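Please have the sequence and the model open as you read.

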Amino acid sequence: MDKLRIVGGTPLRGEISISGAKNAALPILCAGLLTADSLSLTNVPRLNDISTTLRLLGNLGVRAERHADESVTITADQISSLEAPYDLVKTMRASILVLGPLVARFGQARVSLPGGCAIGQRPVEQHIQGLAALGADIHIEHGYVVARATRLKGAVIRTDMVTVTGTENLMMAAVLAEGQTVLENAAREPEVVDLAELLIKMGARISGHGSDRIVIDGVESLHGAEHRIIPDRIEAGSFLCAVGAARGDITLRGAAPETMGATIAKLREAGLEITCGDDWIKASMDKRPRPVDIRTHEYPGFATDMQAQLMALDTLAEGTSVIVETIFENRFMHVQELLRLGAHIDIDGHTAVVRGAPRLSGATVMATDLRASASLVIAGLAAEGETLVERIYHLDRGYERMEHKLRTLGARIDRLTGKETT
Ligand code: EPZ
């Protein structure tokens, strides 16, 4: 298994480009199932999760062409299967996003339950209850969600909690349903908005996306479209935390600062100098960070996907910070590993109290999930001496060539593959 070797202490300087958003690309690729025409997508990030999704869609009969310039063309005109098998779904829970489109266009689907993951049990009952509300005959058997519907019928659906992929799945199911669907308590994330914009380009009739009430008027069919995936606000936020920890002066090109309000506000509170343009962010840091408290919240609140990265910054702050994780029940897996780097963190349920240390010291640490990996890299960039981050296949799921981008910024980081890691 690959590892990242980091020698900390070098400030970051220079400019990098931000990739397309993983969590927008995943549902948008699945939306390709809703039409026999082609979807031409640009700014698609090169990530393991994207490859997994293309493999899953290929399994259904979708034709996909990945081009050199981060663009992908997908065409679902020869669907040969309506089943998403366990061996694929277990590696990426977002595979559940094929459920809505398959039932909407083909009237049936058999999708493996995703199972939990490191950060929590992550059930999908809201997806199932929502499809039932739209008239699907849906039940679970042998670990699979089995759904059938002659034609879905619009309904008012209020999910018990805000669910990002739940909102996305139900929106994709509703676009071809008969009549009007209202999603109440809908997720407001920019990635939900990007999916809605793509669906509208395909001929869907959607309004209210970006608010907690999305209205969809079903149509008979959808057609192909071209679409550029929005920038990844979590990747950009992760690099801002990196310069906060390692210090220096960086510019992020191809970013979407207007989707990063909560993150930018918190990092300015920590002491970073941040200026933004339409599609760029400049950030500099030349001192020890100030402690910042965070409480994760659905968008536009502080993103749970940024919690681990900001905690890495807080471990170096000149004071104590309180971090409350309100979305997932087990998203402090990075804490044990940060302690190995010399951090002082106490966990009490969903709350972590971080007492900032003047310095961290390099060590071997193990990534446990995607954002925990980023947290360990950020801490390693600031730690004295060498840090080895193991199991970075987690990192590769959501960060495109992170070590290359960090090396461009002057970081001393390289990837140890295969035999080098013994
Ligand atoms: C999406 O996951 C993201 N993934 C996650 O990003 C992100 O952390 C999460 O939203 C929250 O922002 C993608 O978009 C592919 P949820 P999702 O449904 O949709 C509970 C990353 O790092 N819930 O909004 O699976 C759930 O357990 C990943 O890129 C139910 O109980 O998250 C959680 O506690 C990690 N029942 C809360 O709701 C359901 O049916 C929010 O989950 C659905 C959700």
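## Helix H7 and the glycine after it

Glycine 203 follows H7 and has a positive phi, near 110 degrees. H7 itself covers residues 190–201, 12 residues in total; helices here are DSSP runs of H or I with at least four residues, strands are runs of E with at least two, and both are numbered from the N terminus. From first C-alpha to last, H7 reaches 17 Å, close to the 16 Å expected at 1.5 Å a residue, where the expected span is 1.5 Å times one less than the number of residues.

Which residues of H7 are buried? They are Pro190, Glu191, Val192, Asp194, Leu195, Ala196, Leu198 and Leu199. Buried means under 20% relative accessible area, exposed over 50%, and partly exposed in between, using a 1.4 Å probe and protein chains only.

This is a predicted model, in which local features need pLDDT of at least 70 and side-chain atom pairs count only at pLDDT 80 or more, while totals for chains, interfaces and linings use all residues. Residues are numbered from 1 along each chain as its sequence is written, and side-chain values use heavy atoms, leaving out hydrogens and water.

## Two helix pairs

Two packed helices are described by the angle between their axes and the distance between the axes. Helix H10 (residues 307–314) packs on helix H12 (residues 370–382) at about 20 degrees, with axes 7 Å apart; axes are lines fitted to C-alpha atoms over the stretch in contact, and angles run from 0 to 180 degrees between N-to-C directions. H10 is therefore roughly parallel to H12, a label for angles under 35 degrees. On the H10 side, Ala308, Gln309 and Ala312 meet Arg371, Ala372, Ala374, Ser375, Ile378 and Ala379 of H12, contact being heavy atoms within 4.5 Å. By class, that contact has six nonpolar, two polar and one charged residues.

Helix H4 (residues 99–106) and helix H6 (residues 164–174) have axes that come within 7 Å and cross at roughly 10 degrees. That makes H4 roughly parallel to H6. Leu99, Gly100, Pro101 and Ala104 of H4 meet Asn169, Met172 and Ala173 of H6. The contact of H4 with H6 divides into five nonpolar, two polar and no charged residues; Ala, Val, Leu, Ile, Met, Phe, Trp, Tyr, Cys and Pro count as nonpolar, Asp, Glu, Lys and Arg as charged, and the others, Gly among them, as polar.

## Alanine 136 in its loop

Alanine 136 sits in the loop between helix H5 (125–133) and strand S8 (137–141). Is alanine 136 buried or exposed? Alanine 136 is buried, with a relative accessible area of 8%.

Not counting residues up to four places away in sequence, alanine 136 touches Val103, Leu131, Arg148, Ala149 and Leu152. Alanine 136 and arginine 148 are 12 residues apart in sequence and 5.5 Å apart in space, C-alpha to C-alpha.

Methods. Angles under 35 degrees count as roughly parallel, over 145 as roughly antiparallel, 65 to 115 as roughly perpendicular and the rest as oblique.
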